[in-house]
Amino acid sequence: MDTKNKTAYSGVEGAFAHIVAKKTFPFDELIAYSSFEDAYNAVLKDECEQAVLPIENSYTGEVGQVIDLMVSGELIVDNVIPYKISQNLLGIKGSRVSDITKVISHSQALAQCEGYIRKHGFEETLATNTAMAAKEVSELGDIHLAAIASKETAELYGLDILHANINEMNDNTTRFAVFRKNYSDKDTKKDKNSFILIFTVNDVAGALSKAIAVISDYGFNMKVLRSRPSHHKAWEYYFYVEAEGDIDTPEGSQMITRLNAVCNLVKIAGKYS
């Protein structure tokens with residue numbers, strides 16, 4: 001009987017989520033899904049124990065589709081893993097940078113390399129993810145077409161690295177979240193010193209400042225604060241917070257109680273070390 005755990009990710013083999021999932025869960029069976037939502041739902045349906053999905057890039061910002069799943073969905077974030085991203089120009093064997101007229105990749109990768117693309121005057125084409133872009137370049141065999149993807153995908157799909165590290169920032173880091181139904185047994189034994197909080201405020205003057213003051217009053221250090229449209233009502237927003245501190249304390253409980261008095265919704269979306 002196969003008892004190997006299953007981990008979902010979005011994309012195909014060689015995608016950055018696949019690389020991170022493989023490093024984080026080296027003994028799991030990794031299952032590819034075509035979208036963030038499908039990978040997320042695989043955990044809800046018990047097809048997989050967890051899903052590894054990107055939530056933020058240091059250059060292009062949040063991955064809105066995944067943050068929205070965090071708000072509306074039932075899964076919790078059990079871990080957050082930073083991974084340094086290196087984008088590379090990949091072409092078929094024998095091609096050179098001077099041959100390339102068009103690049104294909106995921107929108108985030110194209111944005112991370114916008115300066116390089118503009119400098120060379122490349123035409124852009126969108127792909128579902130970076131590994132799919134590399135796969136398409138390999139299959140088409142067009143000397144004028146290149147993918148922007150990881151070095152791992154070059155080896156995987158038999159492509160040449162025409163130019164390495166073409167992203168705008170040297171410290172190009174993507175943070176990946178591990179989504180689960182429940183916190184894993186081994187992780188509950190660790191001190192989880194950070195948490196993700198999502199809330200919406202009442203539509204009255206000063207409601208947001210009051211909510212922020214409550215978080216600060218209890219000594220929790222906010223590292224991230226951003227807003228996103230709620231998708232339920234025009235001009236209504238929810239607020240996403242990542243903060244340092246142990247939420248499973250009397251102070252954390254008191255903070256949540258006070259937040260509930262000034263917010264329409266308060267949700268602890270995850271805890272991590």
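**Figure 1. Secondary structure and overall dimensions of the protein chain.** In this predicted model, the protein chain contains 10 helices and 15 strands (DSSP runs numbered from the N terminus, with helices being H or I of at least four residues and strands E of at least two). The radius of gyration is 21 Å, close to the 19 Å given by the globule rule for 273 residues, so the chain is as compact as a globular protein of that length; the radius is taken over C-alpha atoms, and the rule is 2.2 Å times the number of residues to the power 0.38. The C-alpha trace spans about 65 × 55 × 30 Å along its principal axes. Residues are numbered from 1 along each chain as its sequence is written.

**Figure 2. Strand 6 (residues 88-91), covered on both faces.** Asn-88 and Leu-90 lie on one side, Leu-89 and Gly-91 on the other, and all are buried (under 20% relative accessible area, 1.4 Å probe, protein chains only). Of the 273 residues of the protein chain, 50% count as buried.

**Figure 3. The pairing of strand 6 with strand 9 (residues 145-149).** The two strands run antiparallel and are joined by 3 bridges; pairing requires at least two DSSP bridges. Leu-90 has Ala-147 of strand 9 as its bridge partner.

**Figure 4. The pairing of strand 6 with strand 10 (residues 160-163).** Here too the sense is antiparallel, over 3 bridges. Asp-160 in strand 10 stands opposite Gly-91.

Note on methods:
Predicted model: local features only at pLDDT ≥ 70, side-chain atom pairs only at ≥ 80, totals over all residues. Heavy atoms only, no water.
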